[in-house]
Amino acid sequence: MVVCSRSFRAAFLAVTALAGRPALAANTTRDLPELAAGPFVHGVGQCPTPADVETAALTRVPDLSEDVARHRVRVEISDRETKYEVRIWKDGVEYRKVFDDDARDCDKRVRFAAVFVILTIRPPAVVLGEEAAPLAEPEAPPPPPPPPPPEPPPAPEPEPEWTQSLAQVELGAFVEGTPRWLGAPRFVSVGGELRVALGPEQVAGVISVGYQPATSFAFETVEGDITRVPGTLGLRFRGPPARVEWALDLSALLLLERLHATNLLYAEEETVMELGGRATLLLSYRLTSALAPYVGVTGSFVPAPHEVRALPEGTLGNTPPLWLGAALGLRLGL
Amino acid sequence: MQRSALALLALVGTLGCGSPIDLGSDVIWSAQHESGDLEEWRSGESGGVTGDTDGAVALSTDYPHRGRYSVKLTSASMGEDGPTLFHELVADRAFYSAWYYLPEAYDTASYWTVQQFESRTSDGDGVSAGLDLRMRTLPGGEVVLYMFHHEPEYLQSPLADPPPYVPVGRWFQIESEFVARTDATGSLRVWLDGELVYAIEDRPTVKSETVHFACSSVALDFASTPVELFVDDVAISRTRVTPDGVLAFD
């Protein structure tokens with residue numbers, strides 16, 4: 001095996017840098033194997049082969065065999081796939097070094113093992129003397145090892161695969177209001193609503209019922225309160241299952257309204273039914289696969305609102321034809 | 001399919017376009033005369049008719065305001081006992097509305113009382129004169145409305161400027177907000193066809209808490225008789241009736 005002097009020098013410098021590290025261990029002679037004549041580098045494995053390492057060492061330092069004999073040196077090489085170990089016994093003391101090499105670069109292993117053997121048998125003071133002048137050419141000090149790469153940021157948790165449940169139950173509160181227009185007084189009403197969407201697809205059925213307790217209103221001279229029970233039946237269009245989801249409900253609206261005057265001499269209470277439509281846009285954020293708070297906006301339209309009247313004023317106006325509102329609640333997927 | 005759609009539309013119409021919502025009423029009492037008699041005035045002990053001699057107070061279909069009937073007050077002679085319809089109640093503050101119709105402009109030299117705010121005397125046997133709304137003829141032939149208070153320190157109020165002319169040949173509404181007080185906190189405001197024409201305040205307006213409200217045709221000096229004055233849709237209400245107000249829903 002031919003080892004070029006530049007590569008060998010680099011291996012020398014690298015092994016020199018490693019030589020003082022704790023990974024290099026020296027033991028006593030307790031487990032010194034018996035020496036035998038012949039090659040002084042032994043071992044198993046093909047990367048590197050003991051013969052290549054011995055040849056490389058003797059090529060660089062031809063009289064190394066004298067030191068081998070004098071110091072009763074034995075070297076064992078062990079190929080351990082991504083590592084290889086070099087054990088050296090010299091004067092009854094064991095030196096051991098394990099090198100990492102994921103790439104299994106066998107030439108490099110030969111160079112590194114040979115340099116480690118030379119430096120161990122003949123320490124740098126000897127190697128860098130006259131005989132080893134070629135190796136001891138003044139060289140720039142080795143660059144400091146590069147700083148360890150920064151810790152990569154922790155990998156984000158993989159997004160769970162969201163699915164749409166067969167039924168979604170939503171319980172929430174909402175506020176609805178209407179300005180004083182189109183013959184209706186100003187209303188602001190707060191209520192609660194239970195809604196169920198059925199179907200796992202992107203178009204599902206939806207049904208809801210709500211309750212809005214009595215809230216006051218005032219026509220020009222007549223004051224009163226109104227209690228509402230809205231019910232809807234319609235379709236839900238929604239986006240693909242995700243952590244953040246949107247849904248649009250388009251529903252027919254059935255309103256039960258009870259109106260009661262509060263400042264008339266002879267006050268009456270009437271309950272009426274109104275029909276219309278409602279659109280609700282919801283945005284939800286899944287906390288878990290089944291639980292998601294939501295917010296939404298809603299608009300209701302009653303095309304034929306009821307006329308409201310009293311004596312002696314006559315017609316006061318009508319119930320609101322348009323309601324706008326906002327909703328907040330919690331969705332439970334079943 | 002078509003039949004189903006029509007049925008659905010009919011259902012929507014029934015539910016969504018149903019009858020109006022009636023919230024109630026502020027009308028304390030009213031006389032619309034559509035029953036064809038004067039029961040609304042005479043029922044109970046709180047009202048009645050006086051000066052009804054020779055058919056001076058009669059239901060008529062000649063000039064109904066709304067509906068079929070109105071009351072025709074005929075003054076066949078002159079005097080302080082002309083035909084009068086009255087209703088009594090205890091009301092600290094109320095609006096008194098009545099519609100009148102003058103078929104022609106009658107000449108009267110002094111006064112023609114068409115509405116009175118009096119009070120039951122404390123012993124309950126009589127009526128104390130209070131405030132009158134009266135009409136009289138101006139030299140140019142116009143008929144004006146003015147106010148007269150029977151208390152000596154008040155008597156006749158100045159004629160409003162511009163003068164509140166009473167129309168002839170069409171119905172007009174006189175509505176008053178009468179605050180009945182025995183102390184100097186009473187008041188009377190008068191609207192003619194919705195226009196405020198008189199307002200007096202800070203004076204006693206009654207002798208007792210029972211208000212004696214009357215619609216009448218009482219005059220001392222008509223140029224000629226008989227004089228006919230039609231009255232209809234009389235109401236006492238907690239809120240203003242206004243010319244657009246209604247006393248009953250169909």
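Residues are numbered from 1 along each chain as its sequence is written, and chains are lettered from A in the order in which they are written. Because the model is predicted, local features need pLDDT of at least 70 and side-chain atom pairs count only at pLDDT 80 or more, while totals for chains, interfaces and linings use all residues, and side-chain values use heavy atoms, with hydrogens and water left out.

**Select chain A.** Colour by secondary structure to find 5 helices and 16 strands, where helices (H or I, at least four residues) and strands (E, at least two) are DSSP runs numbered from the N terminus. Of its 334 residues, 42% count as buried, that is, under 20% relative accessible area, with exposed meaning over 50% and partly exposed lying in between (1.4 Å probe, protein chains only). Chain A exposes about 17,300 Å², of which carbon and sulfur atoms supply 63%; accessible areas come from the Shrake-Rupley method with a 1.4 Å probe.

Two or more residues each come from β10 (244-261), β12 (269-285) and β13 (291-301) of chain A, and the largest share, 3 residues, belongs to β12(A). A:V295 sits in β13 of chain A and is partly exposed, at 42% relative accessible area.

**Move to residues 93-101 of chain B.** This is strand β7, largely enclosed by the rest of the structure because 8 of its 9 residues are buried. It runs antiparallel to β12(B) (residues 171-179), with 9 bridges, and antiparallel to β16(B) (residues 227-237), with 6 bridges; strands pair if DSSP finds at least two bridges between them. To see the two pairings, show B:S97 opposite B:E175 in β12(B) and B:W99 opposite B:D232 in β16(B).

**Finally, select B:Y96 and B:W112.** They have the most contacts inside the largest nonpolar core, of 51 residues, a core being a set of buried Ala, Val, Leu, Ile, Met, Phe, Trp, Tyr and Cys residues joined through side-chain atoms within 4.5 Å. Its largest share, 5 residues, comes from β16(B).
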